[in-house]
Amino acid sequence: MEDDLMYRLDFNSLKALKVLGEEKNTKRTAERLDIGQPAISKTLKKLRQQFDDPLFTLKQNRLEPTPKCEAILGQLPSVLRELEELFKDELSFNPLAYSGDIRIHINPVLNHPLSSILIEKLSVLAPNATLIVEDWAASTQELLRQNQVDIGVSFFPISQSDGLFQEVLCSPHFKLCCRKGHPLINKHPITLEDIAAASLVLSTMPGITNNENYIETYLRRRGYIANVMLRTDRMDMCSEILQSTDGIMPVSEIVSPLMQEENLALLDVAHLDDVEHYPIAYTVANRVRESAYSQWLVDITQESIDEIMALCDNPNDQYVYPTLTVEQINEASR
């Protein structure tokens with residue numbers, strides 16, 4: 001693209017292109033941006049000239065992006081975010097006025113109930129934003145560096161932290177999860193031999209399959225071979241298997257508020273030698289961590305974690321998944 005054409009690109013045109021890529025329809029794009037459909041068509045015509053590419057082709061009443069457009073759309077979230085950072089007041093952020101994406105990656109083991117609480121809060125505080133909550137995966141750290149993910153939540157510390165900032169949110173204990181009525185529930189204390197003899201259900205992160213789980217390492221260093229029944233990144237499958245078998249699963253106690261609803265229980269292993277209780281931390285890109293937007297998102301994440309830990313402190317408190325209606329969200333945002 002010629003330099004003079006590049007300088008003619010404007011923020012609103014790029015935002016329209018991003019929404020077009022999501023909606024695949026000029027009418028719905030116009031409705032989301034609250035402008036007329038002819039204006040969207042005119043913007044698309046201008047963008048096609050500037051990028052020297054059709055950008056979209058019409059197939060079965062849908063606008064399908066060209067390969068070049070796919071590449072552009074992949075970079076637009078971070079480009080738009082950085083443009084917003086340049087032109088807004090760095091000392092303030094108005095979530096009620098924000099209409100962009102909020103992208104969050106969470107370690108699958110920590111996803112529930114954290115993701116539900118975050119979605120509940122963010123839907124009210126930033127009602128015009130699009131929430132994208134996904135599992136922490138092999139690509140997460142690079143996406144954080146590229147500003148294509150706003151915040152990640154996982155265990156501390158992470159590997160390959162160049163360009164990233166990580167800070168601890170809480171320090172929960174390591175536990176073992178099993179079904180209610182499991183033979184180990186009434187055994188005190190649980191021994192290393194008990195754990196080595198049990199069938200293990202282990203969670204993995206999407207795209208990460210070769211890493212040894214902490215409990216496997218712990219057992220191996222003490223001369224035991226772990227008996228792994230299941231590895232999966234699907235936490236719903238882990239829960240189903242735990243409920244129906246005598247399997248056990250290493251977890252953070254942050255999940256304890258869900259135990260009653262899932263018909264599961266937690267086993268304490270704090271008495272075992274050298275058990276590491278990994279803290280939970282948030283991660284953001286270094287270059288945006290001081291921005292008002294990032295600070296706001298960190299504060300909401302910390303607030304959500306604090307609520308969960310307060311539930312953990314009282315075993316009688318259980319988390320109930322929210323059922324927010326559109327009317328409730330709209331009322332709360334006024």
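**Questions on a predicted model**

Student: Which residues does L76 touch, leaving out those up to four places away in sequence?
Tutor: Contact means heavy atoms within 4.5 Å. Residues up to four places away in sequence are not counted. The partners of L76 are L14, L17 and K18.

Student: What kind of model is this?
Tutor: Residues are numbered from 1 along each chain as its sequence is written, and side-chain values use heavy atoms, with hydrogens and water left out. Local features need pLDDT of at least 70, side-chain atom pairs count only at pLDDT 80 or more, and totals for chains, interfaces and linings use all residues, as the model is predicted.

Student: Which helix holds L76?
Tutor: Helices (H or I, at least four residues) and strands (E, at least two) are DSSP runs, numbered from the N terminus. L76 falls within residues 67-87. That helix is α5.

Student: Is L76 buried or exposed?
Tutor: Buried means under 20% relative accessible area, exposed over 50%, and partly exposed in between, with a 1.4 Å probe and protein chains only. L76 has a relative accessible area of 3%. Because of that value, L76 counts as buried.

Student: What separates the C-alpha atoms of L76 and L14?
Tutor: Along the chain, these two residues are 62 residues apart.

Student: How much of the protein chain counts as buried?
Tutor: The protein chain has 334 residues. It holds 13 helices and 12 strands. The buried share of its residues is 47%.

Student: In what sense do β3 and β4 pair?
Tutor: Two strands pair if DSSP finds at least two bridges between them. β3 and β4 (residues 130-135) have six bridges. The sense of the pairing is parallel.

Student: Which hand has the β-α-β crossover from β3 to β4?
Tutor: A crossover is right-handed if, with the strands pointing away from the viewer, the path from the first strand over the helix to the second runs clockwise. Here the chain goes from β3 through α6 to β4. This crossover is right-handed.
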